[in-house]
Amino acid sequence: MTYRIFKQYYPHILAACFTVLWCVLAINPLMRDVWLAENLPIVGVFLLLVASFKKFRFSNTAYTLMSVWLILHTIGGHYTFAKVPFDFFTDMFDLERNHFDRIAHFSIGFYAYPIAELVTRKKQATPIVTYLFSLFGIMSLAAGYEIIEWWYAVLEGGDAGIEFLGSQGDIWDAQKDMLADTLGAVASLALFRWHNNTN
């Protein structure tokens, strides 16, 4: 397979690999009710990307960045975020809690890149408005998701509600998650700017 062909079919390869991973991690998750709740946004985003592929093909960089959250969230859904085997990271930095969820939240910010790419290629805004729209879009999404987590935890209650919320006893968990989302967006927009300046 030449590099040109690989580059052309890269999104298809990425989608196939993710599908295999998703199917494997759908088998015997730690808590099926939490798995169902966590997988609703995963399946929704994945199907949206598949359905929109012919109408608007993002860059391979954008698909790579978007796949990071899909993969991390799929892993988190299988184990529940607080119980993902992540001890090596916790021990390495002598942390008091499992921070896998923070890394997953950081990867949500990566979606600022495809948002900026879409707006730029459609020529719908100036560069500064594009960056601000992409950043605020992720920040709004982050706040909305924290509200959904709270709503689900109250509605479901019990162990499932606690595991879905994933605060692990941190009273500032929601705020720290939103900060992680925002920092991920800033990082991905810095990458987008660098790509635009070098291409």
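Student: Which residues of helix H5 are buried?

Tutor: Buried means under 20% relative accessible area, exposed over 50%, and partly exposed in between (1.4 Å probe, protein chains only). In H5, the buried residues are Phe100, Asp101, Arg102, Ala104, His105, Ser107 and Ile108. The helix spans residues 100–108 and is mostly covered, with 7 of its 9 residues buried. Helices here are DSSP runs (H or I, at least four residues), numbered from the N terminus.

This is a predicted model, in which local features need pLDDT of at least 70 and side-chain atom pairs count only at pLDDT 80 or more, while totals for chains, interfaces and linings use all residues. Residues are numbered from 1 along each chain as its sequence is written, and side-chain values use heavy atoms, leaving out hydrogens and water.

Student: What do the buried residues of H5 pack against?

Tutor: Packing is read from contact, meaning heavy atoms within 4.5 Å. The buried residues of H5 pack against helix H3 (60–79), helix H7 (127–156) and helix H9 (173–198).

Student: Which residues touch the most other members of the largest nonpolar core?

Tutor: A nonpolar core is a set of buried Ala, Val, Leu, Ile, Met, Phe, Trp, Tyr and Cys residues joined through side-chain atoms within 4.5 Å. The largest one has 24 residues, and those touching the most other members are Leu49, Phe58, Met66, Trp69, Leu70, Tyr111 and Leu189. At least two residues of this core come from each of helix H2 (32–52), H3, helix H6 (112–121), H7 and H9. H3 gives the most, with 6 residues. Apart from this core lies another, of 6 residues, including Phe100 and Ala104.

Student: What is Trp69 in contact with, leaving aside its neighbours within four places in sequence?

Tutor: Trp69 is in contact with Pro41, Ile42, Val45, Ala104, Ser107, Ile108 and Tyr111.

Student: How many salt bridges does a search of the whole structure find?

Tutor: A salt bridge is a side-chain nitrogen of Lys or Arg within 4 Å of a carboxyl oxygen of Asp or Glu. The search finds 6. In one, Arg97 pairs with Asp101, their closest N and O atoms being 3.1 Å apart. Arg97 is buried, at 11% relative accessible area, and Asp101 is buried at 6%. Arg102 also forms a salt bridge with Asp101, at 3.9 Å between the closest N and O atoms.
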